[in-house]
Amino acid sequence: MPKDARGEAVISSSVEPRNSVPAGSGESAQRKSPMTILLAEDSPVYRHLISGHLKEWGFDLQIAKDGAAAWELLQARDAPRLALLDWVLPKIDGIELCRKIRKAQSHCHYTYIMLLTGKDGKNDLLEGMRAGADDYLVKPFHPPELEARLLGGKRILDLQRELESARESLRVAATYDFLTGLLNRGEIVASLDRELVRAKRETSPLGIILADIDHFKNVNDSLGHPAGDAVLREVAGWLKSDLRVYDGAGRYGGEEFLLVLPGCDQTTTVRRAEEIRQKVSGNGVVTSKGTVQVTVSMGVTFGGGDKTPSAESLLNEADVALYRAKKNGRNRVEAY
Ligand code: GH3
Ligand code: MG
Ligand code: MG
Ligand code: MG
């Protein structure tokens, strides 16, 4: 262990504020934005020594003097994703920390853990890895070895971040309609299923509105498909703007939309449909080919409470009502 390092002066509390190091100071380990490392180390000498190296290599740092402080820092929303943990620590030791981190770990926020310790038995290594550590370095160590291991850890975290963002893009693509940003058909029908179950359980009503743009084919035919798309986006925006937080709105088909309105009985649902109808017919949509006036026809029905139809039969009812609205002249609301 080094004898000449004296780190106490810079460490004043057990949880220290984030210690920012200007980016670019460490050429080899960090090239772009600095990664933050949590260092949990109770020895002032090692704390000083290791933090000096980490800063030199361009990492940002958070420092904890004991396991409880480390655990607190790891609970933060933007907690470091790479943790350098001493094994023997006051309050919560490094092994217990590994277990706690893994137990609390969500699949989308992986913490890479490196144990740094004076313990060098083969069984210690195995125990550390079994507890959830990703890597293990025995003190005293050569600084280049620590830097090399950190580069490996950072690479794994970068890959994990890419996976997360790919998974998030897939989730968004599988949930929302690309053009309008409303829920896609599968999701709005799933939401109808869920809300119907809830409405039955709570014996509360559930209103649904099926809305279809009138003569939409004419918009495409006269102004072109891009202008048609602009109309779809605008109408979707109007539908969305009228929602309460627990309402659902989705694109049910090409120019058809489904609204799921928990707590709304027939009268309320018809009133809300009427408000939307007026909003659509009272506003023009500005497209690159000029302003278009569109209208919507709507079929309304409700379930929940004593009326307990399946989602499918409820959708059929709304469809029947919508068909009647079309037949009776369009730009109107009909209840089943
Ligand atoms: P109605 O009043 O009876 O509903 O008449 P309509 O013209 O609205 O109904 P129809 O079903 O004949 O036409 C719907 C049109 O919607 C046809 C289709 O090309 C168009 N459409 C469907 N999806 C999209 C889309 O994503 N973008 C655009 N621009 N048009 C779409
Ligand atoms: Mg220790
Ligand atoms: Mg249609
Ligand atoms: Mg239509």
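Predicted model: local features only at pLDDT ≥ 70, side-chain atom pairs only at ≥ 80, totals over all residues.

Guide: Gladly! Strand β9 covers residues 284-287 and β10 covers residues 290-293, and they pair in the antiparallel sense over four bridges.

Now to the sheet. Five strands make up an open sheet with mixed pairing, in the order β7-β8-β6-β11-β12. At its edges are β7 (248-251) and β12 (333-335), each pairing on one side only. On average, neighbouring strands are turned by 20° against each other, direction ignored. Within the sheet, β6 and β8 (residues 256-262) pair in the antiparallel sense over seven bridges, and G207 stands opposite L261 in β8. Helix α6 (residues 185-201) packs on the sheet, touching β6, β7, β8 and β11 (296-304), and its direction makes about 25° with that of β8. Helix α10 (residues 311-327) also packs on the sheet, where it touches β6, β11 and β12; its direction makes about 150° with that of β11.

Strand β6 leads us on to ligand 1: β6 (205-213), α7 (216-223) and α8 each supply at least two residues of the shell around it. Ligand 1 is surrounded by 16 residues, and the closest are D214, F216, K217, G228 and G254. By class, the shell has seven charged, five polar and four nonpolar residues. Helix α8 gives the largest share, four residues. The buried residues of α8 are G228, A230, V231, L232, V235 and L239.

Technical notes. Residues numbered from 1 in each chain as written. Chains lettered and ligands numbered in written order. Buried ≥ 20, exposed ≤ 12 C-beta atoms within 10 Å, placed from the backbone. Near = placed C-beta within 6 Å. Nonpolar A, V, L, I, M, F, W, Y, C, P; charged D, E, K, R; others polar. Pairing = 2+ DSSP bridges. Axes fitted to C-alpha atoms, helices over the stretch in contact; angles between N-to-C directions. Contact = placed C-beta atoms within 7 Å.
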